[in-house]
Amino acid sequence: MFKKLYPEFDLVVPVSTYLNDYLKSLGCNTFILPPLADPYEHCSLLPKTKDGIIRYLFIGKHQDSPEIVIKAFELLPEELLAKAELHLKGISQKQVKGIISPAMHKYIGSKIICHGWMEYGRLAKLYKNTDFLLLARETNQETLSNFPSKIPEAMSYGVIPIASRVGDYTGYYLADGADSILVGECRVQSFSDAIIRSLSMDDKARKAMSERAYATACSRFYYRLWKDRIYNALFNNINRSSYENYAFDYGTEGTAVR
């Protein structure tokens with residue numbers, strides 16, 4: 001399909017530069033389109049629950065590494081664990097028990113909460129009360145090719161990504177210390193250090209980072225900002241060769257200028 005079929009199409013739409021470079025090497029006409037969102041759907045950035053608990057969310061997909069995140073949480077000092085909650089979606093309690101030590105099993109259901117399938121309304125409610133999204137991914141062909149839609153989705157609720165450096169979202173869209181916390185290596189200790197860094201932030205600093213995460217969702221991932229570029233790609237068949245031409249050129253107040 002990649003080598004014979006796709007080059008025959010008028011336009012192929014990859015989600016990443018890694019895929020784009022490969023497709024172009026085969027002679028494909030391409031347009032890079034990352035996952036988009038509507039950060040204005042809920043009108044404004046809502047304040048998080050003020051109960052002294054910092055909430056972390058991990059949504060497991062097959063590209064992700066739940067063991068890294070769960071073991072990183074296990075390394076937290078007792079005084080930091082006391083003010084943190086780890087919410088897991090797509091990971092069962094049985095899986096968690098197979099990852100953490102027996103001494104940590106007592107925290108399942110209180111500090112480590114497993115969520116099964118949920119309607120989007122319930123997921124949206126979870127996002128509204130979540131402070132940080134944990135995204136641990138090894139560097140390989142699949143993760144370089146991928147762009148997780150949960151990044152723009154979560155940031156639309158002011159959720160701050162804590163993510164390993166892999167793929168376009170950490171290379172082009174997120175800024176460490178501004179709207180996210182980026183982790184150099186997908187290792188247990190590295191993620192534990194990042195979680196400790198996030199727990200060490202005071203309320204004011206965390207709120208400011210959350211606001212910047214939301215601002216990034218508005219200025220980078222809002223689907224209406226991409227409408228002209230999508231229109232040009234589809235109907236004028238304009239072949240843009242790099243992100244410089246169409247991905248990061250924004251005017252004032254988040255208005256796309258190309």
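Predicted model: local features only at pLDDT ≥ 70, side-chain atom pairs only at ≥ 80, totals over all residues.
**Close-up 1. The cysteines come to a count of 0 disulfides.** C28 is buried, because its relative accessible area of 4% falls under the 20% limit. C114 is partly exposed instead, since its relative accessible area is 22%.

**Close-up 2. Y56 and I162 sit in the largest nonpolar core.** This core has 66 residues, and Y56 and I162 are the ones with the most contacts inside it. Which residues does I162 touch, once those up to four places away in sequence are set aside? They are Y56, F132, L133, L134, L135, I181, V183, F191, A194 and S198.

Close-up 3. F2 is partly exposed, because its relative accessible area of 35% lies between the 20% and 50% limits.

Close-up 4. You will find L36 in the loop between helix 1 and strand 1 (54-59). Is L36 buried or partly exposed? L36 is partly exposed, as its relative accessible area is 27%. Apart from neighbours within four places in sequence, L36 is in contact with F221, Y223, W226 and I230. S156 is 120 residues away from L36 along the chain, and the C-alpha atoms of these two residues are separated by 10.0 Å.

Note on methods
Residues numbered from 1 in each chain as written. Heavy atoms only, no water. Core = buried A, V, L, I, M, F, W, Y, C linked by side-chain atoms within 4.5 Å. Buried < 20%, exposed > 50% of the residue type's maximum accessible area, 1.4 Å probe, protein only. Contact = heavy atoms within 4.5 Å. Disulfide = S-S within 2.5 Å. Helix = DSSP H or I, 4+ residues; strand = E, 2+ residues; numbered from the N terminus.
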